[in-house]
Amino acid sequence: VGLTGSDGLAAGWARILWPVAFRKAQRAAARAAAAGLTVRARELPGGLLLHHGPIAADAKLLGLIPDLEPTAIWRYNPLRRVVARTARGIARITADDQRHLVVLQPHLERHLPVPSLVEAGPQDAPVHVTIQQEVGGRDLSRAPQRVDAHRAAGAALARLHAAPLPTGLRPPAASQSTRAIAATHARIVAALEPALAERIVGVAATLPEVPSDHMVLIHGDASPDQVLIDDVPDRIWWTDFDRAALAPAAADIASYIDLASPDAADAFLDGYADVRPLPDGLPAHITRARIARLAEPLRHAHPDWRQQIARRLDDLQEGPWL
């Protein structure tokens, strides 16, 4: 888990390990100590071990994170990534290789507004740190009333979907089905609430599956908070293409409008339709988007996560989904 301080700023990480993984903690502590960092461990009841430390000592990001002020860190996902403001731009520090994003950047820049890439490593070696142009003062999740910007976001995404891929550029295919996603959630929830896990699988079995034809390059995690906006009218930028993949265009559209207000969703759809026709299959893709986000109340540690997931299942059962 990621930890925050009383000021709400990212402060570090913690994990609980089974006895079989204690040597993993010892190795991580030794690597951190060699870098001048301290991680701590404490035994818990039942033979478990609580292991915790500062962000810079994250086992997967060790050696990649510069000395940053807490206020500079925008987002921290333990064992995965740090997004932070630096003097040169927005740094994205990731455990996974970002080379595919570096290769994709020129294509993105040709077809929709994205922050420019200020710095990245060579394309023939793993890239774990990139720096992008800092743009926008807020994202569209905080500006539902800016229907003009939501419309511009829809038009920009349509241009990306309509653009043919250059020869040699072949992103991975996003092929996980609605039922497969539900089964993944159910396996996690089953350890805590078996009856709710069974219901997740049962509800998913009644939902339509998404078609897998007409594959295009999609954002992969389209939502209003992935679109930045500043004080210049109609100036927007799409960001965070970590999950870019080949999939039906409807997957992006459904993902976005599912998280937008009704007015913002209408504007987004209008903007998209100005550039290319809306694809078929939106209702099925909306159900997939909602199943994909089903476990978020648990992931974000809401105390009433059981009730929230149950309500989401109620909504899926009632339909309609568009």
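Residues are numbered from 1 along each chain as its sequence is written, and side-chain values use heavy atoms, with hydrogens and water left out. Because the model is predicted, local features need pLDDT of at least 70 and side-chain atom pairs count only at pLDDT 80 or more, while totals for chains, interfaces and linings use all residues.

Start with helix α3. Helices (H or I, at least four residues) and strands (E, at least two) are DSSP runs, numbered from the N terminus. Helix α3 spans residues 147-162. It has 16 residues and reaches 23 Å from its first C-alpha to its last, close to the 22 Å expected at 1.5 Å a residue. The expected span is 1.5 Å times one less than the number of residues in the helix. A149, H150, A153, G154, A155, A156, L157, A158, L160 and H161 are buried in α3. Buried means under 20% relative accessible area, exposed over 50%, and partly exposed in between (1.4 Å probe, protein chains only). The partners of these buried residues are α2, β11 (215-218), β12 (227-229), β13, α6 and α7.

Move on to α7, one of those partners. Helix α7 covers residues 262-275 and has 14 residues. From first C-alpha to last it reaches 21 Å, close to the 20 Å expected at 1.5 Å a residue. Its buried residues are A264, A265, A267, F268, L269, G271 and Y272. The cover over them includes α3, β13 (236-238) and α6 (249-259).

A pair of aromatic rings is described by the distance of the centres and the angle of the planes. Rings of Phe, Tyr and Trp (its six-membered ring) pair if their centres lie within 6.5 Å; planes under 30 degrees apart count as stacked, over 60 as edge-to-face and the rest as tilted. The structure holds two aromatic pairs. In one, the rings of W238 and Y256 have centres 5.9 Å apart and planes at 55°, so the pair is tilted. Y256 counts as buried because its relative accessibility is 0%. F268 is also buried, with a relative accessible area of 0%.

On a 1 Å grid over the protein atoms alone, a cavity is a set of points where a 1.4 Å probe fits but cannot get out, and a pocket is an open set with protein on both sides within 12 Å along at least five of seven lines; lining residues have an atom within 4 Å of a point. Grid points are joined across faces, edges and corners, and a volume is the space filled by probe spheres set on the points. There is one cavity of 30 Å³ or more. The largest cavity has a volume of about 170 Å³. It is lined by 17 residues, with L101, Q105, L108, Q132 and F241 nearest its centre. Helix α2 (99-111) and strand β9 (129-132) each supply at least two lining residues; α2 gives the most, with five.

The second largest pocket has a volume of about 520 Å³. Of its 21 lining residues, W74, R75, D139, D225 and L228 are the closest to its centre.

H285 lies in helix α8 (residues 282-292). H285 is buried because its relative accessible area is 3%. D240 sits in the loop between β13 and β14 (245-248), and A301 in the loop between α9 (296-299) and α10 (305-318). D240 has a positive phi of about 60° although it is not a glycine, and A301 also has a positive phi of about 60°. Most residues other than glycine have a negative phi. D240 counts as buried at 16% relative accessibility, whereas A301 counts as exposed at 59%.

Conventions: Contact means heavy atoms within 4.5 Å.
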